[in-house]
Amino acid sequence: QVQLVESGGGSVQAGGSLRLSCTASGVTPSTWTMGWFRQAPGKGRETVSFLSGSGTSSYTADSVMGRFTISRDNAKNMVYLQMDRLKPEDTAVYYCAADEIPEGSTWYQRVRQSRYWGHGTQVTVSP
């Protein structure tokens, strides 16, 4: 049974930093892609950043490029999202997600269809 548990959300002023963590169970880190979606109030889901098990494939949204960094510790079954220079528009519920996705041309398409999600953690950035 796959379980994903996020931690590290909170409130911060614009320009500040937060680090989100996600602990996974029931996955094989070397073959599972893990990463983060977010959903702001009244908006659709946004794919923020994902990283394949091997580290070969990765995606980071243009809206956070250069400010957010995804990393993984496969030995601990964890994925992290370091968020720097936060902006009010980063305010959202952030969800850890994972799925067993093969590397290749359809990797990103399948990332967006990730089957397993955590419950989410709130990030609030004030002006």
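Residues are numbered from 1 along each chain as its sequence is written, and side-chain values use heavy atoms, with hydrogens and water left out. Because the model is predicted, local features need pLDDT of at least 70 and side-chain atom pairs count only at pLDDT 80 or more, whereas totals for chains, interfaces and linings use all residues.

The chain contains 1 helix and 11 strands; helices (H or I, at least four residues) and strands (E, at least two) are DSSP runs, numbered from the N terminus. Along the sequence, these elements follow the pattern β-β-β-β-β-β-β-β-β-α-β-β. The radius of gyration, taken over C-alpha atoms, is 14 Å, which agrees with the value near 14 Å for a compact globule of 127 residues. The globule rule used here is 2.2 Å times the number of residues to the power 0.38. Along the principal axes, the C-alpha atoms fill a box of roughly 40 × 25 × 25 Å. Of the 127 residues, 46% are buried, where buried means under 20% relative accessible area, exposed means over 50%, and partly exposed lies in between (1.4 Å probe, protein chains only). Among contacts (heavy atoms within 4.5 Å) with a separation of 6 or more, 59% join residues 24 or more positions apart.

In soluble globular proteins, nonpolar side chains tend to be buried together. A nonpolar core is defined as a set of buried Ala, Val, Leu, Ile, Met, Phe, Trp, Tyr and Cys residues joined through side-chain atoms within 4.5 Å. The largest such core in this model has 27 residues, and Met 34, Trp 36, Phe 68, Leu 81, Met 83 and Tyr 94 touch the most other members. Two or more residues are given to this core by each of β3 (18-25), β4 (32-39), β5 (45-51), β7 (68-73), β8 (78-83), β9 (92-100) and β11 (121-126). Another core, of 6 residues, lies apart from it and includes Phe 50, Ala 97, Ile 101 and Val 111.

The model has 1 disulfide, a disulfide being a pair of cysteine sulfur atoms within 2.5 Å. Cys 22 and Cys 96 form this bond, with their sulfur atoms 2.1 Å apart. Since Cys 22 lies in strand β3 and Cys 96 in strand β9, the pair ties together parts that are 74 residues apart in sequence. The torsion about the S-S bond is about -80 degrees, so the disulfide is left-handed. Cys 22 is buried at 0% relative accessibility, and Cys 96 is also buried, with a relative accessible area of 0%.

The structure holds 4 salt bridges, each a side-chain nitrogen of Lys or Arg within 4 Å of a carboxyl oxygen of Asp or Glu. Asp 90 forms one with Arg 38, the closest N and O atoms being 3.0 Å apart. Asp 90 is in the loop between β8 and β9 and Arg 38 is in strand β4, so the pair ties together parts 52 residues apart in sequence. Asp 90 counts as buried at 1% relative accessibility, as does Arg 38 at 6%. Asp 90 also meets Arg 67 in a salt bridge (2.7 Å, N to O). Arg 67 lies in the loop between β6 (58-60) and β7, 23 residues from Asp 90, and both residues are buried. Arg 38, Glu 46, Arg 67 and Asp 90 are linked in a network of salt bridges.

A further salt bridge joins Arg 115 and Asp 99, with the closest N and O atoms 2.7 Å apart. Arg 115 lies in the loop between α1 (107-111) and β10 (116-117) and Asp 99 in strand β9, so the pair ties together parts that are 16 residues apart in sequence. Arg 115 is exposed, with a relative accessible area of 54%, whereas Asp 99 is buried, with a relative accessible area of 5%.
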